[in-house]
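The sequence and model come first.

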Amino acid sequence: MEKRDFYEVLGVSRDADEKELKSAYRKLAMKYHPDRNPGDGDAETRFKEVSEAYDTLKDGQKRAAYDRFGHAAFENGGMGARGGGHPGDFASAMSDIFDEFFGMGGGRRSGGRDRGADLRYNLEISLEEAYTGKTVEIVVPTSVSCEACSGSGAKPGTSPTTCRTCGGSGRVRAAQGFFTLERTCAACQGRGEVISDPCESCSGTGRKTINRTLSVNIPAGIEDGTRIRLGGEGEAGLRGGPSGDLYIFLSIRPHAFFQRDSADLYCRVPISMTTAALGGQFEVPSLGGEMTRVKVPEGTQAGKQFRLRGKGMPVMRSQHHGDIYIQVTVETPTNLTKRQRELLAEFEGESSKETHPESHGFFSKVKDFIDNLGQG
């Protein structure tokens, strides 16, 4: 019986990721598990088929071999690959697959040039800068292509020569029994070229370390922890190889007045006891620079929250803004004069449940609670 395609068995596309594979397998395994289908031979067959498909596709190396050769990759030790060719052909193909995963022989795929490393730069900005957006200049120490040798690593007027050991492929083959194994060429380290007369300016590496000044665009509304990628601005590759990328990790300094939650801003504003009791107003700034007047109604309690619509942070790639939420705290007066104390004492003596409904209600509940305890 001819085997079905493993992707078809699991019901996933050929570009399905590991999460999709696992989800499809679990669903089908539960459906066809022998314990759920006692005595059902078809279910048992499907369960084995699903398990075999998942065991192959969940393994990166096996999946790469299957994608290239299908079921033939695992039949007769792989001898059936490419129509039953010579064992060395399959070993060579498998070597290519291992190269893709482990970087072996990378010199041949990249023309003998190694890609430069990615770099990281930590950038801190203020909340105001995150609100308006800006262009920031940063200085990054990095490796760049050597101008003297144009990145080749060879002395000006000369050029790298083809490696005689591997013939420029970057790999050498060695027969071992029925198999032909490929290894990275030790003479050229897999680059396929050797430099007989290295550049004096860069010692044959094809690159030099300098401080580079780069302009970074910070969009309005950017959030803390955002990562910005500058393609090709990382370390230069060896001997003219492609440059890596520069990743800028952004952090926003704590603000003296506002706390941020996505596009919304929060702040606490203390008001006097008389303002809370009689009503009044105060002004608060926004990050845009304008002042907004907030009216305090009579009898405002501590913790009351006011909302200023559209005064918060801009939302990236849109015309919208978040809001500002203001929570008031009622400040208890200190350092009172004798007259102020007398007035407060007089006010306290005349206070009633109408003027202090919350405290009066609370202590009434306390009294009822104690009375009930005494009766028990």
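## Strand pairing around S15

In this predicted model, Ser272 stands opposite Glu331 of strand S15. The two strands involved, S11 (residues 264-272) and S15 (residues 324-331), run parallel and are paired over 8 bridges.

S15 also pairs with strand S14 (residues 305-308), here in the antiparallel sense and over 4 bridges. Leu308 has Ile324 in S15 as its bridge partner.

## Cysteines

The structure contains 0 disulfides. A disulfide is a covalent bond between the sulfur atoms of two cysteines, and the cut-off applied to the sulfur pair is 2.5 Å.

For Cys146, the closest cysteine sulfur belongs to Cys149 and lies 3.7 Å away, so the pair is too far apart for a bond. Cys146 is buried, because its relative accessibility is 1%. For Cys166, the closest cysteine sulfur is that of Cys188, at 3.7 Å, which is again too far for a bond. Cys166 also counts as buried, with 12% relative accessibility.

Ser143 belongs to strand S2, which covers residues 134-145. Ser143 has a relative accessible area of 10% and is therefore buried.

With neighbours within four places in sequence left aside, Ser143 is in contact with Arg207, Lys208 and Thr209, and also with Gly234, Glu235 and Ala236. With Thr209 there is a polar contact between the two side chains, at 3.4 Å.

Definitions and conventions: Residues are numbered from 1 along each chain as its sequence is written. This is a predicted model: local features need pLDDT of at least 70, side-chain atom pairs count only at pLDDT 80 or more; totals for chains, interfaces and linings use all residues. Side-chain values use heavy atoms; hydrogens and water are left out. Buried means under 20% relative accessible area, exposed over 50%, partly exposed in between (1.4 Å probe, protein chains only). A polar contact is a pair of N or O atoms within 3.5 Å; within protein, one must be able to donate a hydrogen and the other to accept it, and residues adjacent in sequence count only if both atoms are side-chain atoms. Contact means heavy atoms within 4.5 Å. Two strands pair if DSSP finds at least two bridges between them.
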